[in-house]
Amino acid sequence: FDIVALIVAAGKGERAGGGLPKQYRPIGGKPMLAHAIQAFSRHPAIDRIQLVIGAGQEALCAEAMAASGAPPALFLPLVTGGATRRESVMRGLEAIGKARLVMIHDAARPFLPAVVIDRLVAALGGAEGAVPAIPVADTLARGGTELGEVVPRDGLVRVQTPQSFAFDTILAAHRAWPEELEATDDAQILRAAGHAVAIVAGDPALEKITFQEDVMTAEQRLGARMV
Ligand code: CTP
Ligand code: MG
């Protein structure tokens, strides 16, 4: 394949609470996961979609796939995720096996503007990896029970997904990453393998849905747009 989108949806969604893992909670009338699938499926650059899901969640996933409206032929066979996000990504990459580029995305970021995909594809001309990021606007400080020292926010960015990579390079970087080390994203893993990662403009809509109130805010936003 040329470009494969890899969506990780195997998390438990513990911080969002509720019975159903957040990626299957309804937003704007369809499961959260359906939104990211839809965005990729409507983008002409994306050839296939690899979903990584939790054990036993095949039926929930099938519902999301159907709700996305994406043609069934777009999907590679489902893969079961691991105990950590990194492990889930790794399993997805191994299952894809061969591609030119891969875009690794969180199911927990349902609002994915097509223009961000465009930027990520364009940026890979000159780099092995690219991430969308947005500048930090708030004051940053050490927290706890009492406000601590302010951390200068100059030059700091918030990194989002999707993150795009030359497929062979990110797969090799994942294989080289120490099993016991935590990683919150894949760009970090690419950098650790000695490769530069380009930054493209991110989008406020790409914010990750992490807590219960994020699910409600997302629902309200979609309700207002009547999507
Ligand atoms: N993810 C995954 N496999 C894991 C852990 C996370 O595929 N073992 C995915 C999640 O489904 C999500 C993305 O990685 O789409 C980002 O993770 P996060 O927002 O932390 O989701 P959860 O791990 O599900 O939530 P929590 O940490 O609150 O339990
Ligand atoms: Mg998590």
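Colleague: Which residues does Thr-210 touch, if we do not count residues up to four places away in sequence?

Modeller: In this predicted model, Thr-210 touches Arg-15, Ala-16 and Ala-108 once those sequence neighbours are set aside. Thr-210 itself is found in the loop between strand 12 (197-201) and helix 7 (212-225). The C-alpha atoms of Thr-210 and Ala-16 are separated by 5.7 Å, although the two residues are 194 residues apart along the chain.

Colleague: Why is Thr-210 called partly exposed?

Modeller: The label comes from a count of neighbours, in which a residue is buried with 20 or more other C-beta atoms within 10 Å and exposed with 12 or fewer. Thr-210 has 14 other C-beta atoms within 10 Å, so it is partly exposed.

Colleague: How many residues of strand 6 are buried?

Modeller: Six of the six residues of strand 6 are buried, so this strand is largely enclosed by the rest of the structure. Both of its faces are covered, with Leu-101, Met-103 and His-105 buried on one side, and Val-102, Ile-104 and Asp-106 buried on the other.

Colleague: Which strands pair with strand 6, and in which sense, parallel or antiparallel?

Modeller: Strand 1 pairs with strand 6 in the parallel sense over six bridges, and within this pairing Ala-5 stands opposite Met-103. Strand 11 pairs with strand 6 in the antiparallel sense over four bridges, where Val-102 has Phe-165 as its bridge partner. Strand 11 is also joined to strand 7 by two bridges, and those two strands run antiparallel, with Ala-130 standing opposite Ser-164.

Colleague: Where do the buried residues of helix 5 lie when the helix is seen down its axis?

Modeller: The buried residues of helix 5 (residues 167-176) are Phe-167, Ile-170, Ala-173 and His-174. Seen down the axis, they fall within an arc of 135°, so they line one face of the helix. On the other side of helix 5, Arg-175 and Ala-176 are exposed. The cover over the buried residues includes helix 3 (85-96), strand 6, strand 7, strand 11 and helix 6 (186-192).

Colleague: Which residues of helix 4 are buried, and what do they pack against?

Modeller: In helix 4 (residues 114-123), the buried residues are Val-116, Ile-117, Arg-119 and Leu-120. They fall within an arc of 160° when seen down the axis, so they too line one face of their helix. The buried residues of helix 4 pack against strand 6, strand 7, strand 11 and strand 12.

Colleague: How many residues does the largest nonpolar core have?

Modeller: In soluble globular proteins, nonpolar side chains tend to be buried together. Here the largest nonpolar core has 59 residues, and those with the most contacts inside it are Leu-6, Ile-7, Ala-9, Leu-33, Ile-37 and Val-102. Leaving aside neighbours within four places in sequence, Ile-7 is in contact with Ala-36, Ile-37, Ile-49, Leu-51, His-105 and Ala-107.

Colleague: Finally, how many residues surround ligand 1?

Modeller: Ligand 1 is surrounded by 22 residues, of which the closest are Val-8, Ala-10, Gly-11, Glu-14 and Arg-15. By class, this shell has eight nonpolar, eight polar and six charged residues. Strand 1 (3-9) and helix 3 each supply at least two residues of the shell.

Conventions
Residues numbered from 1 in each chain as written. Chains lettered and ligands numbered in written order. Predicted model: local features only at pLDDT ≥ 70, side-chain atom pairs only at ≥ 80, totals over all residues. Arc of directions from axis to C-beta. Contact = placed C-beta atoms within 7 Å. Near = placed C-beta within 6 Å. Nonpolar A, V, L, I, M, F, W, Y, C, P; charged D, E, K, R; others polar. Core = buried A, V, L, I, M, F, W, Y, C linked by C-beta atoms within 7 Å. Pairing = 2+ DSSP bridges.
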